[in-house]
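Please look through the structure shown below, with its sequence alongside.

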Amino acid sequence: MSALTESAAWRALIALAEADRGITTAARFAQDPERARRYAAEACGLYLDYSKQRLGDEVLTALLALADQQQLPAWISRMFAGEVINATEQRAVGHVALRGAAPVMDGEPVTALVDGELDRMVAFAEAVRSGDWRGATGEKITDVVNIGIGGSDFGPRMIWEALSQNAVLPRAHYLSNVDGAQLSLILCRLDPARTLFVVTSKTFTTQETMVNAHAARRWLTAALGEAAVARHFAGVSTSRPTTEAFGIDPALVFGFWDWVGGRYSLWSAVGLSALIALGPARFRELLAGARAMDLHFRDAPMHRNLPVLMALIALWNTNFLGAASQVVVPYAQRLHRFVGWLQQLEMESNGKGVDRDGQPVDYPTTPVIWGDVGSNAQHAFFQLLHQGPALNPVDFILPLEAIHGYPDQQQLLIANCLAQSAALMRGKNADQVRAELAAQGLGGDALEAAIPHRVFTGNRPSSTLLLPRLDAFHLGALCALYEHRTFALSVLWNINAFDQWGVELGKQLARDVIAAQANPAAAGTLDPSTLQLLERARAH
């Protein structure tokens, strides 16, 4: 047993989970007319209703006691103070510094560095957008292609697609997959003379990114010649010699720092493509929304702190109610990339099997994060959520104001979101089904046979996050909310959210397979299954 699972706070929660097993959320509403008001919190324009979660006051008190036991307030303070809390890589964790919420990282002032790099990004973006910066033939840039993968792709792609409703030119495109089909699909739509590539890789050695970057370079130079590279490529990297060797003008290389983790990096130069396409004003609003959530997370008391409450609820569902996964359903088509961004954020951060001391954990850490946009999701996997045997808590995300010309459809979208969360909680018992079917004229054995298929157990937990509208400020706050929820969960689980050693092994073995593709004699390190698959691929 670990120190965490043997602790008094953990054992108290186990006892409460057992005692609460037969209590439904609907019954809690019946007992407490003020529950909807009391089980809600608000910050930065975001309103969290967690009254449909399967917990009561005793559980909340016990969860807050666990947060105190795990020294969550102190860990929050340590992150904002710029201390080295990523122990396995000996790094501070500074994405909050990118939003102006932490002036020092690992003892060094960083505000001037962050502001200076942002000013460089803004100046370049304005030059591209205005036409002051043009391609090698004098044409204005109409398309920006970000070449990156993982954290160098998910974040900027997500914010571009969420906020581009009023964007005109330049357009942003995102190239990440080493599958040449994606490269081909993007390039076939573009004019080399009007295209700017942003190669985003901290080391400028990421395999997939550099394969795509060199392919894009060949496409460009075939049309415009070698000299065009300096006018059509920018870099986001910390490796100046490598970017220069590629042919990128040093003035177009934008950097970030070791204390910026990849999945937390959209706020840095990694967001350059989105900044160019959306405009500096909108990018600054995004940063402002994230900063507002930073200050809330840093300063708000634990029992009113949105990221902390969401983390405590997730821990309760995962570790004490046995939830199989966490579902996230944004009722906004423009957030269709949000779940993908969140999957990397949460599962790469907290998908760990050892604690900070390197000891195996004896409790689940991150659940599987999955979902899709509503109302599409209702016609895909909501059947499982309503009637499947496993417990899958849901976060509903709902912007209230429409930024389009179809207000009636927005009202329908809102109605669907609220109805689904109500249905998950309420369910429908056999007596209700029997009465409905009898009213429709069904009776006898046919009626009784139909009942089990139409019963909904209900008592399925969900939270609903309301945004006034999906603009840059509130999107920034939303993203920072989930970043801080992820960090708070890591503290509660006593794990390091800021390394990702599990990503490395596959990369190492890929090099072995590539070597064996070129020279079969080099395949001796591979296992028999991989060798057989490689042989079939070679034969094909």
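In this predicted model, the buried residues of helix 9 are covered by elements that include strand 5 (143–147), helix 8 (154–163), strand 6 (171–175), strand 7 (195–200) and helix 10 (207–224). The residues in question, within a helix that spans residues 180–187, are Gln-182, Leu-183, Ile-186 and Leu-187. Viewed down the axis of helix 9, these buried residues fall within an arc of 120°, so they line one face of the helix.

The strands belong to an open sheet of five, whose order is 6-5-7-8-9 and whose pairing is parallel. Strand 6 and strand 9 (253–254) stand at its edges with a single partner strand each, so that one side of each has no neighbour in the sheet. Strand 5 and strand 7 run parallel and are joined by five bridges, and Val-145 is placed opposite Phe-197 of strand 7. Helix 9 packs on this sheet, where it touches strand 5, strand 6 and strand 7, and its direction makes about 160° with that of strand 6. Helix 10, for its part, lies across strand 5, strand 6, strand 7 and strand 8 (233–236), and runs at about 160° to strand 7.

Because its relative accessibility is 1%, under the 20% cut-off, Ala-228 counts as buried. Apart from neighbours within four places in sequence, Ala-228 is in contact with Ala-136 and Leu-220, and its C-alpha atom is separated by 7.5 Å from that of Gly-135, a residue 93 residues apart from Ala-228 along the chain.

Definitions and conventions:
Residues are numbered from 1 along each chain as its sequence is written. This is a predicted model: local features need pLDDT of at least 70, side-chain atom pairs count only at pLDDT 80 or more; totals for chains, interfaces and linings use all residues. Side-chain values use heavy atoms; hydrogens and water are left out. Buried means under 20% relative accessible area, exposed over 50%, partly exposed in between (1.4 Å probe, protein chains only). Helices (H or I, at least four residues) and strands (E, at least two) are DSSP runs, numbered from the N terminus. The arc is that of the directions from the helix axis to the C-beta atoms. Contact means heavy atoms within 4.5 Å. Two strands pair if DSSP finds at least two bridges between them. Axes are lines fitted to C-alpha atoms, for helices over the stretch in contact, and angles run from 0 to 180 degrees between N-to-C directions.
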